[in-house]
Amino acid sequence: MKERLLGKTPSELTEIAKACGLPAFAGKQMAQWLYQKRVRSIEEMTNLSKQGREALSQHYQVGLTAPVDVQESRDGTRKYLFPFESFFVEAVMIPDQERRTLCVSSQAGCKMGCRFCMTGRQGFHGNLDAAAILSQFFAIEEAGQLSNAVFMGMGEPLDNWEQVKRVLEILTADWGLAWSPKRITLSTIGVLPKLKLFLEESKCHLAVSLHNPFPGERLELMPVQKAWPLEEIIGLIKQYDFTGQRRVSFEYTVFSGWNHSPRHADALLRLLRGLECRVNLIRFHAIPDFPYKPAAAQQMELFRDRLEKGGITATIRASRGEDIFAACGLLAGKHNIV
Ligand code: SF4
């Protein structure tokens, strides 16, 4: 298969241009075609010589993958299905007044095995490369209207840091899409060594899947707690500044009778003390063969109120796209075997 140009930086494109007999400045022109004009074929790069385009096409392709299916929810949320080698991944576009947020997948399946997550149940099938991640931005109908992106789809983005970092650079660089990093949030369960790199090398917002402040209880549903304990994750985050433009939030899925008692709220307050942050309470979406059920609205409100009283901003997040299985924890790729 021909190598894909999508996902390459201008310096890499310059090397490719030179190897194909094009002048060095063609690398910069190719970056413009790929990221600003978003062409789908090398043929469309009309300011490159015809001969140069032919030489490029012998070994390279643009590499944009088109979705093979789209489903639309009652609330306007749209779920796109993308083929990835022998597997499928999903991206979700969530409209909210003027905003169009893309929930992006970074891996086919996931290694992390969180027990409440449909993606985790599939096991791991591969990392998406930058071209496959960027295709989710470029090949959907709302490509030109996207205002925000959250790396919260299938997979653990920090477990594919090399490719995700490349995409973040392309999204935020002047030669790329020139988005402000404030438009992007990366969500992780806390892959400690890579989290440090993300905090150092990016200015994008951070969301951490927390779900329970007690290590033993968290371990019940999140095996990752063993390798990278939550206390170490929070300790690391506290070394960085979140009092300015950059934000950190904690995702807290509420399971009836498991993690919303006053004891949990107080432990969470102690854990996050001193950190400028927000807690997002998420309604659990029941999945087959899993013992816990969604918490009632009133249980979530009581928990939120105790956190707010303790000085932490907490919000109950509206669920989107539940009727098309696009809500949190439900992405599985309808053609994949779970
Ligand atoms: Fe992976 Fe996230 Fe699902 Fe956990 S919740 S298994 S990290 S996709």
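Let's start with Y35: it is buried, at 1% relative accessibility. Buried means under 20% relative accessible area, exposed over 50%, and partly exposed in between, with a 1.4 Å probe and protein chains only.

Some ground rules. This is a predicted model, where local features need pLDDT of at least 70, side-chain atom pairs count only at pLDDT 80 or more, and totals for chains, interfaces and linings use all residues. Residues are numbered from 1 along each chain as its sequence is written, and side-chain values use heavy atoms, with hydrogens and water left out.

Now the rings. The structure holds 12 aromatic pairs. Rings of Phe, Tyr and Trp (its six-membered ring) pair if their centres lie within 6.5 Å; planes under 30 degrees apart count as stacked, over 60 as edge-to-face, the rest as tilted.

Y35 and W175 make a tilted pair, 5.9 Å centre to centre, with 55 degrees between the planes. Y35 sits in helix α2, W175 in the loop between α6 and β10, 140 residues apart. Helices (H or I, at least four residues) and strands (E, at least two) are DSSP runs, numbered from the N terminus. W175 is partly exposed, at 24% relative accessibility.

Next, F116 and F255. This pair is tilted too: 5.6 Å between centres, 55 degrees between planes. F116 is in the loop between β7 and α4, F255 in the loop between β12 and α11, so the pair ties together parts 139 residues apart in sequence. Both F116 and F255 are buried.

Last, R320. R320 is partly exposed, at 22% relative accessible area.
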